[in-house]
Amino acid sequence: MTARSVRLSSPERVIFPDDGITKRDLFEYYSAIAPVLVPHLRDRPFTLKRYPHGTTGDVYFQKQAPKGMPAWISTRTFRTYPREGGSRLVDFALLNSPEAVLWMVQMNCIDMNAWYSRVDKPERPDFVLFDLDPPSLDQPEDGFALAIQVAHLIREELERLELDSYVKTSGADGIHVLVPIARRATYEQTYAFAEAVARRLEESHPGLVTTEWLKRKRKGVLVDHRQNARGKTIAAVYSVRPKPGAPVSTPLHWDELTEDVTPRDFGMREALERVEQHGDLFENMLAGGQALGRALRKLVA
């Protein structure tokens, strides 16, 4: 037994009741996807989202590294500011190895949620996120088709600002558009940039794009710039999501994001097949970012 062995308990426990997907299935997927997943999690403070009774049971978030966590999973301490007020110090786990990811599966994590910044520069995110939430329509596919339209509008706006962007399914019901940036901007600046882009599109495409957070007031696809606030987490690329069919947050080529794509097209098997065929389409997200300052000045001028 090696120092980094992970023992899987209750491997036959069904995690996705409607699909018969077990804890072992999840464990085997993450074991196979780990070579491309771990670089996207490395040195990012990690929040556990635990499903001890599967996707239909209670879920709870845990920022503090659990008691009994192996010593070979590193931690870093940061001050957090809970909604109820005050502050506290939290020891965050860092998922820097395949075994660390598998240990979180053993802890009943389904998706892998981490910060936008890394521990050496915790106040400097290395990407901006545009989180697209489709409207609730009678046919969910129709809402997703609208989100696809909006994703391409965001890409066009970013190209006008001379910024490259990358797209992935959220694995839930929406789409994530990410802009890799140099680690010089603050969370306040990335928030302001995302908000400015979202509001510009809302003005030019009323009824299709909205920044209205309240669902009862919302018309169109929400471009949620609020997800760029400090301390927010994102389900990493290649994360399984706790939705029917165990969909995976899957990176796409922009020209693959056509109107016939649906949120459930990409499961664990498809994600692994795509990595084998295309490699990691998000690899350039790790290669060093783009300067945000000039684009931000153009938007707020």
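This is a predicted model: local features need pLDDT of at least 70, side-chain atom pairs count only at pLDDT 80 or more; totals for chains, interfaces and linings use all residues.

Colleague: Which strands join strand 8 by bridges, and which way do they run?

Modeller: Strand 10, residues 175-180, is joined to strand 8 by six bridges. Strand 12 is joined to strand 8 by three bridges. Strand 8 and strand 10 run antiparallel. For strand 8 and strand 12 the direction is also antiparallel.

Colleague: Which residue of strand 10 is the bridge partner of Phe-127?

Modeller: Strand 8 covers residues 127-133. Look across from Phe-127 into strand 10: the bridge partner is Pro-180.

Colleague: Is strand 8 mostly covered or mostly open?

Modeller: Buried means under 20% relative accessible area. In strand 8, six of the seven residues are buried. The strand is mostly covered.

Colleague: What is the order of the six strands in the open sheet, and which are the edge strands?

Modeller: The order is 11-12-8-10-9-14, with mixed pairing. An edge strand here pairs on one side only. That holds for strand 11 and strand 14.

Colleague: In what sense do strand 11 and strand 12 pair, and which residue is the bridge partner of Thr-210?

Modeller: Two bridges link strand 11 and strand 12, and the sense is parallel. For Thr-210, the bridge partner in strand 12 is Leu-222.

Colleague: Where is Trp-213, and is it buried or exposed?

Modeller: Trp-213 sits in the loop between strand 11 (209-210) and strand 12 (221-224). Exposed means over 50% relative accessible area. Trp-213 has 52%, so it counts as exposed.

Colleague: Which residues does Trp-213 contact, leaving aside its neighbours within four places in sequence?

Modeller: Two of the contacts, Leu-222 and Asp-224, have numbers inside the range of strand 12 (221-224). With the sequence neighbours within four places left out, the list is Arg-218, Leu-222, Asp-224 and Arg-226.

Colleague: What distance separates the C-alpha atoms of Trp-213 and His-225?

Modeller: Along the chain, Trp-213 and His-225 are 12 residues apart. Their C-alpha atoms are separated by 9.9 Å.

Colleague: Why is Arg-274 counted as buried?

Modeller: Arg-274 belongs to helix 5, residues 268-278. The cut-off for buried is under 20%. Arg-274 counts as buried because its relative accessible area is 12%.

Colleague: Which side chain joins that of Arg-274 in a polar contact, and at what distance?

Modeller: First, a backbone atom: the oxygen of Pro-251 lies 3.1 Å from a polar atom of the Arg-274 side chain. Pro-251 is also among the residues in contact with Arg-274. Between side chains, the polar contact of Arg-274 is with Glu-256, at 2.8 Å.

Colleague: Where does Leu-272 lie, and which residues is it in contact with beyond its sequence neighbours?

Modeller: Leu-272 lies in helix 5. Its relative accessible area is 29%, which means partly exposed. Leaving aside neighbours within four places in sequence, its contacts are Tyr-29, Ala-32 and Ile-33.

Colleague: Why do the buried residues of helix 6 line one face?

Modeller: The buried residues of helix 6 (residues 293-300) are Ala-295, Leu-296 and Leu-299. Look down the axis of helix 6: these buried residues line one face because they fall within an arc of 100°.

Colleague: How many helices and strands are in the chain, and what is its radius of gyration?

Modeller: The chain has six helices and 14 strands. For 301 residues the globule rule gives 19 Å, and the chain is close to that, so it is as compact as a globular protein of that length. The radius of gyration is 19 Å.

Colleague: What share of the chain counts as buried?

Modeller: The chain has 301 residues. The share that counts as buried is 53%.

Terms used. Residues are numbered from 1 along each chain as its sequence is written. Side-chain values use heavy atoms; hydrogens and water are left out. Helices (H or I, at least four residues) and strands (E, at least two) are DSSP runs, numbered from the N terminus. Buried means under 20% relative accessible area, exposed over 50%, partly exposed in between (1.4 Å probe, protein chains only). Contact means heavy atoms within 4.5 Å. A polar contact is a pair of N or O atoms within 3.5 Å; within protein, one must be able to donate a hydrogen and the other to accept it, and residues adjacent in sequence count only if both atoms are side-chain atoms. The arc is that of the directions from the helix axis to the C-beta atoms. The radius of gyration is taken over C-alpha atoms; the globule rule is 2.2 Å times the number of residues to the power 0.38. Two strands pair if DSSP finds at least two bridges between them.
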